[in-house]
Amino acid sequence: MKTLAVFCGSSNGASDIYVEVAKKLGKELVKRDITLIYGGASVGVMGAVADAVLEAGGKVIGVMPSFLEKREISHKNLTELIVVDSMHDRKEKMAELADGFMALPGGPGTLEEFFEIFTWAQLGLHQKPCGLLNINHYYDPLIALFNHMSDEQFLHEKYRTMALVDVDPSGLLDQFNSYEAPTVKSYITEKQT
């Protein structure tokens, strides 16, 4: 893996641990020579992971819609800032550039980005790993929901396990390196496999 898209909040969160682990992820990316692809902001958890990569001498590519860039929240010290027309274009560009996708804690925008890319993987539109960095048990309710979806047969078990989870950046990146995508979803038969 040479590039990683990170979805995360533009706020710091209620606990210092969110920023601390974001910085730890940034340092780990540089250690593994992985370029960070992210939303391009200078604030919150987003800014923290980007700053950590840059401070350690790594590469950071930000992808930001023009309407946000005009509000002057874009990070001014990135390796590259790609300005696109819309939020949809942002996700498409990040998906094109990234070899994997990781969600750190964030709000509805973070979840929307993760769910779209996770759904694309489930449909076979890409075979790249998708994971949740479960800092401070932030994603425990979502993990429980995935399990409930699987129990209620709205999410096949093989797709539930596509959402890789770890509390440590290094552990999650190790899972990404050994990831093998399951076969593509088929609606040909009524029976779930």
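**Entry 1: the cavity**

I looked up the lining of the largest cavity and found Phe-7, Lys-91, Met-94, Ala-95, Phe-101, Glu-113, Glu-116, Ile-117 and Trp-120. A cavity here is a set of points on a 1 Å grid over the protein atoms alone where a 1.4 Å probe fits but cannot get out, and lining residues have an atom within 4 Å of a point. I am working on a predicted model, where local features need pLDDT of at least 70, side-chain atom pairs need 80 or more, and totals for chains, interfaces and linings use all residues. Residues are numbered from 1 along each chain as its sequence is written, and side-chain values use heavy atoms, with hydrogens and water left out.

The largest cavity holds about 50 Å³ of space. α4 and α5 are the elements that give two or more residues to its lining, and α5 gives the most, with four. Helices (H or I, at least four residues) and strands (E, at least two) are DSSP runs, numbered from the N terminus. By class I noted six nonpolar, no polar and three charged lining residues. Nonpolar covers Ala, Val, Leu, Ile, Met, Phe, Trp, Tyr, Cys and Pro, charged covers Asp, Glu, Lys and Arg, and the others, Gly among them, are polar.

**Entry 2: aromatic pairs**

Next I searched the whole structure and got seven aromatic pairs. Rings of Phe, Tyr and Trp (its six-membered ring) pair if their centres lie within 6.5 Å; planes under 30 degrees apart are stacked, over 60 edge-to-face, the rest tilted. Phe-7 and Phe-101 are stacked, at 6.2 Å centre to centre with 10° between the planes. This pair links distant parts of the chain, with Phe-7 in strand β1 and Phe-101 in strand β5, 94 residues apart. Both Phe-7 and Phe-101 are buried, meaning under 20% relative accessible area, while exposed is over 50% and partly exposed lies in between (1.4 Å probe, protein chains only).

Tyr-138 and Tyr-139 have ring centres 5.0 Å apart and planes at 85°, so I logged them as edge-to-face. Tyr-138 is partly exposed at 34%, whereas Tyr-139 is buried at 2%. I also jotted down one aromatic cluster, made of Phe-114, Phe-115, Phe-118 and Phe-146.

**Entry 3: helix α8**

In α8 (residues 169–177) I found Pro-169, Gly-171, Leu-172, Leu-173 and Phe-176 buried. These buried residues pack against β1, α1 (16–31), β5 (101–103), β6 (130–133) and β7 (163–166), with contact meaning heavy atoms within 4.5 Å.

How values were computed:
On a 1 Å grid over the protein atoms alone, a cavity is a set of points where a 1.4 Å probe fits but cannot get out, and a pocket is an open set with protein on both sides within 12 Å along at least five of seven lines; lining residues have an atom within 4 Å of a point. Grid points are joined across faces, edges and corners, and a volume is the space filled by probe spheres set on the points.
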